[in-house]
Structure formats: C-alpha cells, structure tokens
Amino acid sequence: MEALAQKQAFSNLWHKAVDALARREHSEFELRQKLARRMDDVDLLEDVIEALYRDDLLSDERFAQMLCRSRFNRGIGPVRLKHELNQHQV
C-alpha cells in the first residue's frame with residue numbers, strides 16, 4: 001500500500017510540474033519553490049526534478065534563452081538581465 005501511495009504522490013507532483021512547464025519555461029530554482037509549497041517530501045521532489053531533466057521537460061538553458069529573448073525584446077539591458085538570471089539562480 002505504501003508503494004502505491006508513493007506512486008500516486010509522484011504522479012500528482014509530476015502533473016503539477018508539467019502543468020507549470022506547459023504554460024512557460026521555469027528555472028529549476030523557480031520550479032522547486034513552486035512545488036515545495038505543495039508538499040514536504042524532499043526526496044520525492046528530487047525524484048520529480050530528476051525525471052523532468054531526464055525527459056528534457058526542464059532546462060535551465062532553455063529558461064535562460066527564453067528570459068534573455070523576452071527581456072531583450074523589451075529593451076532590458078545586460079546588467080539588469082544578469083541580475084534577473086541570478087535571481088533565478090541560472
């Protein structure tokens with residue numbers, strides 16, 4: 001029964017993560033913060049993050065490219081952009 005509960009918890013957290021990533025790219029740091037608010041099991045969170053990387057659904061590189069492109073198009077300079085990337089721990 002315990003294994004079934006673990007699988008269900010993993011599945012729920014996985015779907016929440018994929019739902020967030022479907023809306024827009026997230027940095028690992030940002031996604032961890034969002035998901036950690038919903039649960040206490042750090043090991044489960046690590047497993048989900050690892051699976052997202054393995055399936056190429058989570059990418060800090062893609063997030064950084066999206067952020068740079070978006071901010072550049074709005075006229076944001078390199079100093080502020082660097083600051084924003086640091087805030088997202090990218």
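Predicted model: local features only at pLDDT ≥ 70, side-chain atom pairs only at ≥ 80, totals over all residues.

Me: Why is P78 called exposed?
Reply: Exposed denotes a relative accessible area over 50%, buried one under 20%, and partly exposed whatever lies in between, with a 1.4 Å probe and protein chains only. P78 has 69% relative accessibility and therefore counts as exposed. P78 lies in helix α5, and its C-alpha atom is separated by 35 Å from that of H15, 63 residues apart along the chain.

Me: What makes the buried residues of α5 line one face of the helix?
Reply: Helix α5 spans residues 78–87, and its buried residues are L81, E84 and L85. Seen down the axis of α5, these fall within an arc of 100°, so they line one face; the arc is that of the directions from the helix axis to the C-beta atoms. The face turned away from this buried side carries the exposed residues V79 and K82.

Me: What covers the buried residues of α5?
Reply: The cover includes α4 (60–73). Contact means heavy atoms within 4.5 Å.

Me: Which residue after α5 has a positive phi?
Reply: α5 is followed by Q89, with phi near 55°, a positive value in a residue other than glycine. Q89 is exposed because its relative accessible area is 53%. D56 likewise has a positive phi, of about 60°, although it is not a glycine; D56 is placed in the loop between α3 (42–54) and α4.

Me: Why is the pair of F10 and W14 called stacked?
Reply: A search of the whole structure finds one aromatic pair. The ring centres of F10 and W14 are 6.3 Å apart and the planes stand at 15°, so the pair is stacked. Rings of Phe, Tyr and Trp (its six-membered ring) pair if their centres lie within 6.5 Å; planes under 30 degrees apart count as stacked, over 60 as edge-to-face and the rest as tilted.

Me: What makes F10 partly exposed, and why is W14 called buried?
Reply: The relative accessible area of F10 is 27%, so F10 is partly exposed. W14 has 18% and is therefore buried.

Me: How many helices and strands does the protein chain have?
Reply: The chain has five helices and zero strands. Helices (H or I, at least four residues) and strands (E, at least two) are DSSP runs, numbered from the N terminus.

Me: What share of the residues of the protein chain counts as buried?
Reply: Of its 90 residues, 33% count as buried. The C-alpha atoms fill a box of roughly 55 × 20 × 20 Å, taken along the principal axes. Among contacts with a separation of 6 or more, 59% join residues 24 or more positions apart.

Methods:
Residues numbered from 1 in each chain as written. Heavy atoms only, no water.
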